[in-house]
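Subject: Structure handover

Hello,

Please find the structure below, followed by notes on what was found in it.

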Amino acid sequence: MAKSPNVEALERDGFVVIRSTLTPEEIEKLRNACHRVTTLARQGQWPNVRTLPKQFPPWNVKEGQNPAEAGIWGVQGLMHPAMLEHELFTATYFSDALINPTKDLLQCGDDDLVMELFNLLVRPDHDFELRWHRDDISDKATPEEELARLAKPAWHTQWNLALYDDNSLIVVPGSHRRARTETERVADPYEKGLPGELRVQMSPGDVVFYNNNILHRGAYDGDKERMTLHGSVGHVKGGSLRARNVLQHGLRDWIDQCDFSKVPNSKRGRAEGMRRRLIDLANKSGDVGYSLQG
């Protein structure tokens, strides 16, 4: 069976942009919801946030501390049952707009899909950058260790869905298929102008799907509005290979309580199956630890 152009692009480049996945009305509805959620988070009324200047989980928030005291660059757990607007976010996550390209890219059907992450990336209070990294490979890995991990199937799609113009994601196309070059290994973690680097340009409603072990980083402008939905979907064959990447974000504490009542009836069976596979993964996995430090 011939591969679609999107599959070919993902395999070749490590990412693919699909344009105009949402209607203007859907974009406006999600913008309004994200504004309300972000306001709540900035006021310290939602504990699960990505705190400045930390780059990777855990985003340690001490009991009694305002979680947004140092500023935030993301809001975690959009499908959490206590999250404002969780019904809209949950319906969006399981919608055809995101699941159909996911099935194409993973070359699978509904019964193979695993519910994973759904978060929101927002404008920080000041300019903020992430270092060059692969999501599940340490920057201390040897070339042999990198190649051993990259030789395995990805078993996931990760995506950013822009609600405003967004060029924050910077990637090195094709780097998901090889070990880092010597130039990449010795470069400054925040190196600008790394050979071959590309800024992914997105308009509202565009979504970029990418292999999260592509060499990439983020650069966020504190003066530019940003509301980008950030999620992932796994393949059941990923098993323990995906467990740490997903469970390090604390999902096992609440996934069984997700509310699917606003998911259309035609999509609810798919949603229930995806959740069941994530719960099975969580039950089989012990302390998964964290993929990266910093």
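The structure holds zero disulfides, a disulfide being a pair of cysteine sulfur atoms within 2.5 Å. This is a predicted model, in which local features need pLDDT of at least 70, side-chain atom pairs count only at pLDDT 80 or more, and totals for chains, interfaces and linings use all residues. Residues are numbered from 1 along each chain as its sequence is written, and side-chain values use heavy atoms, with hydrogens and water left out.

Cysteines. Cys258 is buried, with a relative accessible area of 6%. Cys108 is also buried, at 17%. Buried means under 20% relative accessible area, exposed over 50%, and partly exposed in between, with a 1.4 Å probe and protein chains only.

Strands. Helices (H or I, at least four residues) and strands (E, at least two) are DSSP runs, numbered from the N terminus. Two strands pair if DSSP finds at least two bridges between them. Strand 2 (residues 49-51) pairs with strand 3 (residues 72-75) in the antiparallel sense, over three bridges, and Arg50 stands opposite Gly74 there. Strand 3 also pairs with strand 4 (residues 113-122), again antiparallel, over two bridges; Val75 has Leu120 as its bridge partner in strand 4. Leu120 in turn has Leu229 as its bridge partner in strand 11. Strand 4 and strand 11 (residues 227-235) run antiparallel and are joined by eight bridges. Ten of the ten residues of strand 4 are buried.

Val207. This residue is in strand 9 (residues 207-210). Val207 counts as buried because its relative accessibility is 0%. Apart from neighbours within four places in sequence, Val207 is in contact (heavy atoms within 4.5 Å) with Val16, Val17, Ile18, Thr21, Leu98, Trp159, Asn160, Leu161 and Met202.

Cavity. The search used a 1 Å grid over the protein atoms alone: a cavity is a set of points where a 1.4 Å probe fits but cannot get out, a pocket is an open set with protein on both sides within 12 Å along at least five of seven lines, and lining residues have an atom within 4 Å of a point. Grid points are joined across faces, edges and corners, and a volume is the space filled by probe spheres set on the points. Of the 29 residues lining the largest cavity, Arg50, His133, Asp135, Gln158 and His230 lie nearest its centre. Strand 10 supplies the largest share of this lining, four residues.

Pockets. The largest pocket holds about 510 Å³ of space. Its lining has 26 residues, and Asn48, Gln76, Gln248, His249 and Gly250 lie nearest its centre. Strand 4 gives the most to this lining, with four residues. The second largest pocket has a volume of about 410 Å³ and is lined by 18 residues, with Glu11, Pro153, Ala154, Trp155 and Asn211 nearest its centre. Helix 1 (5-13), helix 4 (96-106) and helix 5 (143-150) are the elements that give two or more residues to the lining of the second largest pocket. The largest share, three residues, comes from helix 1.

Regards
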